[in-house]
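Please keep the structure in view while I speak.

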Amino acid sequence: MEHKDKVVVITGAANGIGAQLARDYAAEGATLALADIDEPNLTAVAQELTADGVRLISEVVDVADADAVAAFAETTYEAFGRVDYCFSNAGVISVGAIWEEPLPDWEWLWGTNVMGTVHMIHAFIPRMTAQGEESHFITTASIAGLLTVENSPSYVASKFAALSLTEVLELQLQDAGSPVKAHAICPGIVKTDLMNCPRHRRPGTWDPDDPYFGSADFTKRLAAATMSMEQVGIPVEEAVRTIIQGVDDGTFYILTHPAYNPAIVGRTQGIVDGVRPSKVRR
Ligand SMILES: NC(=O)c1ccc[n+]([C@@H]2O[C@H](COP(=O)([O-])OP(=O)(O)OC[C@H]3O[C@@H](n4cnc5c(N)ncnc54)[C@H](O)[C@@H]3O)[C@@H](O)[C@H]2O)c1
């Protein structure tokens, strides 16, 4: 029970990877601070775990809102006094051609996937550093932060940004002599609720009547992404076991799909060889 009584913060805890992280840490006796914008599912996860005797708080928080994230950190420290593992995990996806994907899409997606992590770093890292003991800040990036895939430009670019942000975080924590360790999770495809994420769009983040969302291009790309998740996604339980083990092992780049390793090496080799980007093959 390595995680007994550890305090674990998880954003995006209402579904998918975040909910499974909550269940697995809870099963080992951890205390949880859970955040999500999906109130019904967050309540369901919190009720399920509370019924099992888990000590937790859960809050509706939009990670794109810096003040809301700061308030969540405040509540977490008031409730538990420290944080051992902080997962900046909330994320959304979209598909499209770069020059056609509506601009509000980019702002919504980057607000969550990039600024959400910036807000978590601002709110939690100074307090975690002040604890003076080893703790862990974990960003859920993606294999799409290491390999470019052609279908989801706003998502891929946001995950490259989230990954490099976490790399810089690790370097700056080292420079500062902070006891906090950073980690970047880079999952391949995992069966979760991710493709349904538009249901959480805040008003103003899109115009559902924008003709692009009814176009053949968008429909085709969305169908391809949804089919990949259904056909080749690994179970979330398997992915989360690998993630928790990776954090415990002190791994920085936590990869869930070794089948992509040759493509990662190939991309790096292609860069130094001056080769033009090509589609990823597994
Ligand atoms: N599923 C995959 O194949 C896969 C692969 C690589 C990386 N990821 C990443 O894993 C993370 C978790 O995604 P998932 O696959 O479990 O999907 P999911 O949709 O099941 O879970 C994501 C959660 O984030 C929440 N969320 C979305 N926007 C939010 C916001 N602004 N503020 C707070 N919460 C918000 C959603 O409500 C949802 O509960 C994401 O960052 C995603 O990009 C997923």
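Let me begin with a term: a polar contact is a pair of N or O atoms within 3.5 Å; within protein, one atom must be able to donate a hydrogen and the other to accept it, and residues adjacent in sequence count only if both atoms are side-chain atoms. The model is predicted, with local features requiring pLDDT of at least 70 and side-chain atom pairs counting only at pLDDT 80 or more, while totals for chains, interfaces and linings use all residues. Residues are numbered from 1 along each chain as its sequence is written, and side-chain values use heavy atoms, leaving out hydrogens and water.

I turn to the ligand. An oxygen atom of the ligand lies 3.3 Å from a polar backbone atom of Leu194. Two further distances involve ligand nitrogen: one nitrogen atom is 3.4 Å from a polar backbone atom of Val61, and a backbone N or O atom of Ile37 is 3.5 Å from a nitrogen atom of the ligand. On its own the ligand has 820 Å² of accessible area, and the protein covers 98% of that; such areas come from the Shrake-Rupley method with a 1.4 Å probe, and for residues only the protein chains shown count as cover. The elements giving two or more residues to the shell are H1 and helix H6 (153–175). Helices (H or I, at least four residues) and strands (E, at least two) are DSSP runs numbered from the N terminus.

How many residues surround the ligand? There are 30, and the closest are Asn15, Asp36, Tyr155, Val190 and Thr192; a residue is near a molecule or strand if one of its heavy atoms lies within 4 Å of it. By class, the shell has 14 nonpolar, eleven polar and five charged residues. Here Ala, Val, Leu, Ile, Met, Phe, Trp, Tyr, Cys and Pro count as nonpolar, Asp, Glu, Lys and Arg as charged, and the others, Gly among them, as polar.

Next, the aromatic rings. Rings of Phe, Tyr and Trp (its six-membered ring) pair if their centres lie within 6.5 Å; planes under 30 degrees apart count as stacked, over 60 as edge-to-face and the rest as tilted. By this rule there are nine aromatic pairs. The rings of Tyr25 and Phe87 have centres 5.7 Å apart and planes at 55°, so this pair is tilted. Tyr25 belongs to helix H1 (residues 16–27) and Phe87 to strand E4 (residues 85–88), so that the pair links distant parts of the chain, 62 residues apart. Tyr25 is buried at 1% relative accessibility, and Phe87 is buried at 0%; buried means under 20% relative accessible area, exposed over 50%, and partly exposed in between (1.4 Å probe, protein chains only).

A second pair, Phe72 and Phe124, is edge-to-face, with 6.0 Å from centre to centre and 70° between the planes. Phe72 lies in helix H3 (residues 66–80) and Phe124 in helix H5 (residues 115–130), 52 residues apart. Phe72 is buried, with a relative accessible area of 0%, and Phe124 is buried, also with 0%. Elsewhere, Trp206, Tyr212, Phe213 and Phe218 form one aromatic cluster.

Finally, consider His136, in strand E5 (residues 135–140). Is His136 buried or exposed? At 7% relative accessibility, His136 is buried. The side chain of His136 makes a polar contact of 3.1 Å with the side chain of Glu134, and another, of 2.8 Å, with the side chain of His183.
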